[in-house]
Amino acid sequence: MMVAPLRVILPVLVLLLSSISFGAETPASLTEKLQQVDARSLQIVDARIRDGVLEIDTRGELHNLPGDDLFREDLESTLLWVGLSLIPVLSGITVYYFDANNRRYLLSTVLQNPREDQLVRSLAAHSSPDRMEPRNIDLPYGGSLAGKTIALSPGHGWIYYDTLQDWSSQRGLIDLPGCATCLGIREDDSNAQIAARYLIPHLLRAGAKVWSVREQDFSNQEWILDDGDAGMETEGTWQSEASAQAFDGDYLALSTSEQGLVRYRFSLAQSGKYWLSIRYPDGSDRCQDTRLRVVQADGSREFRLDQTQNGSRWLYLGELQLAAGESQVELFAGPDAENDKLVVADALRLGGGIDQTVIAGKSANRVRWQMGADTALPYLGLPDAFHTGSDVTVRPAYAEWQGADAYLSLHSNSSGSTTDNASGTSTYRYNCNAFPDHSAAPDPALCDDPPGSDALQRAVHSAIIEFLRLHWDPNWRDRGPRVANFGELRVLDSIPGALVESAFHDGIYPAADDMRMADNEALQDPRFRHWLGYALYAGLARFFDPDAVLLPENAPLGLSASHGPDGGILVEWQEVAGALGYRLRWGIEGLDLSHQLVTQVPSVLLENLEAGALVSLQVSALNAGGEGPPSELATVRYRGHGVWADVLLVSGFDRQDARIGEARNRRDQAWAHAQAIRTLADRNVYFDFAANESVGAQQLSLAGYRAVIWILGEESTADETFDREEQQLVTSYLDAGGSLMATGAEIGWDLSERGDVEDAAFLADAFGVAYQQDDAETFLVQGTGSLASLADFTFDDGSAGIYPVEYPDAFVAAAAEPILEYDNGLIAGVSYSREPGRSLLIGFPFETVVDADSRRDLMDLCLAILLPGHTPDDFDSDGLPDDWEHDNDTDPARSSADEDPDGDGRSNLQEYQEGTDPQVSDLETDGGVEIDAGDEVDAGVETDGGNSDANADITNVGDGCGCHTARPNPAFFCWPLLFWLWKRKRQMKH
């Protein structure tokens with residue numbers, strides 16, 4: 001910070017200068033209007049405009065106000081917006097307080113916590129070590145934030161209020177008018193979501209270490225294993241040690257000169273994503289290469305940490321996808337550990353959990369990620385000595401205690417209900433207690449406290465405006481870089497800091513006709529959140545290096561994963577601009593994706609897979625800035641060789657907006673379909689995956705699949721359920737005899753209610769239905785017709801944790817047969833025999849069926865309609881097993897049982913039944929004994945002990961390639977090549 005004398009002199013100068021009038025012009029009604037604002041125990045006694053700045057005088061009791069920065073900052077903001085309603089050109093605000101002796105002070109000065117100056121001195125004296133442990137993400141081309149530590153403050157949260165004698169959020173819920181499905185904005189939650197789901201992943205993928213003042217795990221489950229707990233096992237000679245810095249006062253230690261490990265076993269109640277964090281007392285004698293290995297069903301993931309640093313706090317290591325049941329984590333010395341150091345095993349934690357802090361007999365009882373910094377930070381490890389006693393100023397105190405290279409506070413703005421269409425972004429740095437609050441940022445030569453804050457603010461501000469205007473709304477409002485005496489910035493001593501007011505959560509209407517949407521709606525929109533998070537990252541990267549290469553902005557599109565023509569799974573995707581390479585992550589039988597590889601081209605052939613394996617995968621782009629966001633999740637069931645899959649899963653649910661809500665479309669819906677199909681052992685169906693973009697680009701053809709399942713979730717009019725090109729592809733597929741199943745809640749709404757004549761005609765032609773209504777107003781379904789045996793089931797109303805189905809479609813069965821009904825009698829699903837082709841249409845998303853057994857049974861009956869006569873492991877149902885056809889070069893994709901490729905009078909089916917080769921003529925001697933290819937027979941071919949005349953001209957008989965050769969069985973050499981070309985043609989790879 002600035003030296004102490006200047007911190008004292010500047011406020012005095014402000015007071016002296018403010019006593020001089022510069023032609024103030026004050027509307028007569030201003031003071032009266034300002035007095036209507038609730039100022040608690042303060043009274044507004046006078047107001048004036050001086051050089052564009054609103055100056056306000058107050059009096060009153062202060063006994064319950066010192067240290068309440070939030071009250072003062074909210075009061076000043078509201079008063080300024082009231083003033084702006086009368087004088088739109090106001091350039092800032094200064095609020096004064098008059099004591100009983102009529103002495104005047106800056107309100108910010110008299111309300112400042114008296115402990116704050118001492119705390120600032122203590123933090124300045126606190127020597128924060130380099131708390132950057134080795135990165136646990138490999139960035140082969142570099143990272144734009146490699147080696148940097150960022151401290152984040154994602155705004156407000158639930159705290160205990162003495163005035164309420166209870167826990168409460170700091171901000172209220174503000175709904176969007178006319179949007180029943182929107183969740184509304186509560187600033188306490190939205191900034192934490194933006195930080196944890198968008199900004200922090202960008203920072204980590206750019207190589208940064210991140211400290212946040214809020215819990216970043218959204219799970220309400222939490223498991224902690226400490227030494228001595230059941231589920232914690234040791235191998236080797238571990239010694240128990242006592243320490244006040246350890247979790248619950250003790251820990252285990254092992255010399256690196258000895259062999260041993262600690263094994264933590266967690267029993268998880270439900271599968272999901274959980275952050276793994278660890279806690280231990282650090283010390284100079286600790287191991288700098290301690291390893292943590294997460295052992296999963298299909299491989300493992302390893303983390304490295306330096307136990308000389310980051311002790312006595314929960315240290316986040318990484319987010320894991322774990323299955324329900326037992327999970328195992330092992331701790332041990334790494335291969336680079338120095339001799340005679342100590343590996344420390346203390347507590348390990350999974351999940352975020354519920355905060356049960358009790359104050360005045362009242363328990364918080366909130367999921368921990370919603371809690372304010374006042375409670376969250378002591379839990380995460382902040383010592384009492386560095387707690388300011390304020391939920392506002394404790395945030396920068398934590399950043400100073402941790403040690404960071406930059407501090408960024410994330411907020412959304414408010415006009416204090418003075419208007420309902422405020423809009424735009426403003427950023428702040430500390431005003432040095434010398435400039436009016438909310439005034440334009442001054443020359444850094446006059447105020448830049450701590451040094452570098454001006455450069456940080458301007459880098460972040462310009463990046464936000466750049467990316468929001470480029471990717472979100474070209475008319476996004478720029479409210480400029482500003483300064484204020486914010487408690488979140490004032491306490492900073494050694495770390496440059498800035499605060500972002502990203503948009504107005506109380507801006508419930510667009511600010512102008514040229515705006516894309518209201519700020520409140522934008523703040524709820526995952527697309528806006530993505531670009532805001534990316535812009536914040538970009539600003540931080542450019543602060544450290546103005547010429548920094550930024551990590552890829554978007555996830556790869558057009559992902560497909562299909563059986564390769566000669567075995568393996570061929571994974572392809574569309575190129576990402578500026579990518580130097582790509583990282584493919586995959587997992588077997590689960591979603592942990594513990595395997596990975598890096599490639600320079602947008603395609604990979606995964607080989608050495610076991611037959612029957614369920615493979616899930618994602619891909620992301622890499623460049624010198626780091627790693628971009630991952631693609632949607634693909635899932636394939638591998639048959640085991642080059643024979644095609646029976647079914648193609650098409651992922652078409654791309655929609656992201658405020659109306660379906662934050663994190664509801666996780667783009668992993670194929671997994672639920674894959675699980676349901678996989679459980680049907682009697683059917684033994686294999687499937688490929690394709691994003692709808694790859695189908696539309698004809699990267700992968702529908703033609704070779706016996707059935708296609710089109711996953712549409714809540715895809716609607718803006719993204720289109722079936723666009724015109726997809727309609728044409730689907731129609732051609734059905735006309736060729738294909739089978740199609742489509743599920744989603746908005747298909748009828750999009751194609752009929754909001755579609756044109758061609759869209760409605762496609763709905764009728766492809767599915768044999770007409771649209772009846774948009775909302776069935778129920779979540780209970782029963783089978784009828786061909787699905788009459790199906791037990792009643794429910795799909796998600798928002799309580800099951802899948803995603804809520806807002807408006808399930810209801811249909812009129814024109815030419816189709818009803819197979820599913822809602823409990824109110826409306827038609828939920830139909831089966832249609834087009835002749836050629838057949839189709840199924842379901843008016844709610846299949847993946848939202850709550851019960852897994854119900855999903856399985858529904859899928860079983862649907863596949864019976866889609867794949868009539870299906871024989872497991874016999875793709876074309878011709879009686880010839882796929883493996884046999886693959887090995888004997890017959891056509892596994894169409895019925896070829898009656899064909900005779902070698903022309904010996906025996907069909908393929910007979911050859912299969914008799915165990916002979918369909919590609920080699922089975923000629924018989926008089927005794928009925930099969931003659932070897934080199935034996936002399938009465939077929940007009942001369943043989944000589946197995947060697948034919950070198951000049952003989954032998955042409956393959958039947959369906960061979962017609963090659964001329966002196967060698968017997970020419971088809972043996974030509975068929976593999978033609979078969980490979982034939983299958984490549986079917987895949988229609990371009």
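Analyst: Of the 990 residues in the protein, 57% are buried, where buried means under 20% relative accessible area with a 1.4 Å probe and protein chains only. This is a predicted model, in which local features need pLDDT of at least 70 and side-chain atom pairs count only at pLDDT 80 or more, while totals for chains, interfaces and linings use all residues. Residues are numbered from 1 along each chain as its sequence is written, and side-chain values use heavy atoms, with hydrogens and water left out.

The secondary structure comprises 21 helices and 50 strands, taken as DSSP runs numbered from the N terminus, with helices being H or I of at least four residues and strands E of at least two.

The sheet in question is open and has 4 strands in the order β1-β2-β3-β4, with mixed pairing; two strands pair if DSSP finds at least two bridges between them. Its edge strands, each pairing on one side only, are β1 (42-50) and β4 (104-106). Direction ignored, neighbouring strands of this sheet are turned by 30° against each other on average, with axes fitted as lines to C-alpha atoms.

Strand β3 (residues 92-98) runs antiparallel to β4 and is joined to it by 3 bridges; F98 has R104 in β4 as its bridge partner. Helix α3 (residues 69-86) packs on the sheet and touches β1, β2 (53-60) and β3, its direction making about 120° with that of β3. Here contact means heavy atoms within 4.5 Å, and angles run from 0 to 180 degrees between N-to-C directions, helix axes being fitted over the stretch in contact.

Key: Buried means under 20% relative accessible area, exposed over 50%, partly exposed in between (1.4 Å probe, protein chains only).
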